[in-house]
Amino acid sequence: MAIPKSSRGVVSEWLFTADHKKIGLMYIVYSLLFLVIMGIEAILMRIQLAHPHASFMSPQAFNRLFTLHGTTGVFFVAMPILFGFGNYLVPLMIGARDMAFPRLNAFSFWMTAFGGFVLYASFFAGGSFLQGGSAPDVGWFAYAPLTSTTYSPGHSTDYWTLSILLAGVGSVGGAVNFIATILCMRCPGMTLGRMPLLAWMNLVMGGLVLVTISPLTAAQIMLMVDRYMSGHFFDTAAGGSVVMWMHFFWIFGHPEVYVLIIPCFAFVSEIVPVFSRKAMFGYPAMVAASVGIGFVSLGVWAHHMYTVGMPSYGNAFFVLTTMIVGVPTGIKIFNWLATMWGGKIRFATPMLFCTGFLFQFLIAGLTGIMLATAPFDWQLSNSYFVVAHFHYVIVGGILFTIFAAFYYWFPKMTGRMLNETLGKWHFWIMVIGFHLTFDFMHIPGLLGMPRRVYTYEPGRGWETWNLLSSIGVVFQAAAVLIFVYNMIQSYFKGAPAGNDPWDAWTLEWATTSPPPDYNFAAIPEVRSRRPLWDIKHPEDPDWKYE
Amino acid sequence: MTAQHQSNPAMHSAPEHVALPAPTAWPAVLALGLTLMAAGLLSTNIVSVVGIALSLVAGVGWARQVLPHDRHEMVAVSAAPVQIATPHRKVTRMAAVQAAPHRARLPLEIYPISAGIKGGLAGGVAMAVLAMFYGIVSHGSIWYPINLLGAIVYEHIDVSTAQVEAFHIELLLVATVLHLATSVLVGLLYGAILPMLARRPILLGGVFAPLVWTGFLHSILDIVDPILNQRIDWWWFLASQIGFGIVAGLVVVRQVRIPTWQYPLAARAGVETPGMMDEENNHS
């Protein structure tokens, strides 16, 4: 049944929408809200750790902060923001009018959103608010038996469990939608071999989410059974296994890193060619590497568990698989560099963030290979070295590319350009802050500082490095403030973007900025990987060569 | 600076209206209902009951949105064509695709894959002979080096020397598989790398590489596996590595080379390459 479009209020226009672009933007705004909250939690923790024997907060509050910081960052910032960009961009880039299941798409967003709200409702539940209420305090991977009712009475752990269960339903719904949309709704002529790399990588991400959220959900349900129905899944004394929790969690947890980084690879793969004025180098290799990473990443989870005491062949297997996953990742880095090689590079803000990513992600990969080596990991497991490595991936890799994506696609989403000068300030201050915080964070880890300590003794050589790390957070906070100001200011007063401000080559730039409800008046037809190049250069189209 | 202006050809066949999914509150209501169902576990059963009720209502409402047919709304299509423009001058493609082949950085000829496999197998035989010779000279047993190799997959090798010198069928099988696989893989690597080593490939591949590899292993094995490290005679280890390298290298270089496709990689990828070529119209 079709009815004419009627005018609606702003609330119903947005809250009840089934339009992929509006849902994508809601994901993004929701994630930015939680990004700010997560950042505030990080600032509070770094104030506490700036000096030894600090008493800025209680140990209990510190435990709650690092638990919420990690959980928020993974489940309510990184995942939804990437789902948001994917939602907005995938249908546009493949020439579709919407996602395959628009209502499921809306449902997925709301499940994710309510999951985050449940997590933070814990702050206001029971106890004193300033002490963190009943906020969970078991860390973002919530190892057993800390989560049992013996060590975690009350409901704090339940908030964590339920919020992730709810968000997990949203993630699975989103993944189903991505896969169905990409496989079934491409415009005429867009074969898999011509599909934008962003669509390819969201396809891989969707597959990974489907496979990995299931064990996490199963583990959460088992934990609920243990806590509410006297189950013994993770109760070693009663025949259960705490190590089983670790396996279930990390079967989700490590591929989750790839769930987050693969869409970021997609951003880089779209931005670098446009700002190098060259087609992507090695498109088939990039696709193969993405799919390869997707498969291999499912077999590396126990490199988080070397210190559990696995048999040596178990250790050897996970060392090997983790080393292997570095190969397709290396292929990608070579291909991005080869794309830049000989190109006419424009260092606009999106490209600056991508360049920062290339360097920082390489370092993150190298420390990852170090930690993948079992004997090295035995020395540094649960140390600040691991925290530094992880944040190099999450901030230096993922957050930097998300910023790049904002600068690149904000004009399409709003019709306004972000301010370039503010963008460059944002980039350079962020780079300084990032390296101050996370370069120096490796050193106390090497010197033996364990993660998740709320304070430490002086005289162990950790003080200076911790102080520098905390100072770096000030720079990062300033950079994010500039970014937020830039977004707000540009949204209202930014220069008009036009339809195609970067002279790009993919289909989202073939429609207005912002796009109309229907995306394209008529479904486009493509003949190459760069359909806009073909339109702009009819005398020399790509399809002659593909 | 020239500018290319095109309107999107697809716009020519645009319809006047497009049917899009109608907005609906039911997905949000269902999500809220499920959340309240769960939140009842943290508060009171009443919250769960409200959640169940909301979920049921939302489920029915959603079903009515899509059954028997999806509810759509008609959106009018803008008549204005979307302009697609580029301020960039045109860029020609690599002329090398049509011109005479030009070698950039790739070798003119390479060995076929089979050369690497043959070299690896031959080197593997040489290494095995040297290792067994060492076993006879040092321990009076060819099984000593074989058992050491096979034992690297086992957790505990803290056994007596007599046991290491004895025959063990499972260690022989493991060592054979490991030795064959590694020999073939390293042989393939030799086949790929040797054409790149323009000067003295046998010296580089047969002596320098084994020296580096042995030095690397020597520096870490005491950490990775100290018990195994105690049983290794590093001079013999180095000799067997060199034996492998020289024999594998000699076999590989005796194979017939095949020419590579000489177009630069950028040309083969079919990309425009500003900076490496003249651009059309000589515009700056």
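## Two chains, residue by residue

Ser470(A) sits in helix 15 of chain A, which spans residues 463-493. Helices here are DSSP runs of H or I with at least four residues, strands are E runs of at least two, and both are numbered from the N terminus. The model is predicted: local features need pLDDT of at least 70, side-chain atom pairs count only at pLDDT 80 or more, and totals for chains, interfaces and linings use all residues. Residues are numbered from 1 along each chain as its sequence is written, chains are lettered from A and ligands numbered from 1 in the order in which they are written, and side-chain values use heavy atoms, with hydrogens and water left out.

Ser470(A) counts as buried because its relative accessibility is 10%. Buried means under 20% relative accessible area, exposed means over 50%, and partly exposed lies in between (1.4 Å probe, protein chains only). Setting aside neighbours within four places in sequence, Ser470(A) touches Arg46(A), Leu49(A) and Ala50(A). Contact means heavy atoms within 4.5 Å.

His20(A) belongs to helix 2 of chain A, residues 20-49. With a relative accessible area of 0%, His20(A) is buried. Beyond its neighbours within four places in sequence, His20(A) has contacts that include Asn87(A), Tyr88(A), Pro91(A) and Leu92(A). Arg97(A), Asp98(A), Met99(A) and Asn105(A) are also among them, as is Asn519(A). His20(A) and Leu467(A) are 447 residues apart in sequence, and their C-alpha atoms are 44 Å apart in space.

### Backbone features in the loops of chain A

| Feature | Residues | Angle |
|---|---|---|
| cis peptide bond | Ala144(A) to Pro145(A) | omega near 5° |
| cis peptide bond | Ser513(A) to Pro514(A) | omega near -10° |
| positive phi, not glycine | Ala142(A) | phi near 45° |
| positive phi, not glycine | Asn519(A) | phi about 65° |

Pro145(A) is in the loop between helix 4 (102-121) and helix 5 (156-184). Ala142(A) is placed in the loop between helix 4 and helix 5 too. Ala142(A) is buried, at a relative accessible area of 0%.

Pro514(A) lies in the loop between helix 15 and helix 16 (531-536). Asn519(A) is likewise found between helix 15 and helix 16. Asn519(A) has 0% relative accessibility, so it counts as buried. Asn519(A) is also one of the contacts of His20(A).

### Chain A as a whole

Chain A has 16 helices and one strand.

Of the 546 residues of chain A, 63% count as buried. Among contacts in chain A with a separation of 6 or more, 80% join residues 24 or more positions apart. The accessible surface of chain A is about 18,900 Å², and carbon and sulfur atoms account for 73% of it. Areas come from the Shrake-Rupley method with a 1.4 Å probe; for residues, only the protein chains shown count as cover.

Chain A carries 28 positive and 25 negative charges, and their mean positions are 6 Å apart. Lys and Arg count as positive, Asp and Glu as negative; His and the chain ends are not counted. Each charge is placed at NZ of Lys, CZ of Arg, CG of Asp or CD of Glu.

### Chain B

Chain B has ten helices and six strands. It is divided into domain 1 (4-86) and domain 2 (109-259). These bounds come from an automatic or database domain assignment. The C-alpha centres of domain 1 and domain 2 of chain B lie 63 Å apart.

Of the 284 residues of chain B, 36% count as buried. In chain B, residues 24 or more positions apart make up 77% of the contacts with a separation of 6 or more. Chain B exposes about 16,100 Å², with 68% supplied by carbon and sulfur atoms.

Which residues of helix 4 of chain B are buried? They are Tyr144(B), Pro145(B), Ile146(B), Asn147(B), Leu148(B) and Gly150(B). Helix 4 of chain B (residues 143-150) is thus mostly covered, with six of its eight residues buried. The cover over these residues includes helix 3 (113-139), helix 5 (161-165), helix 6 (169-193) and helix 8 (226-231) of chain B.
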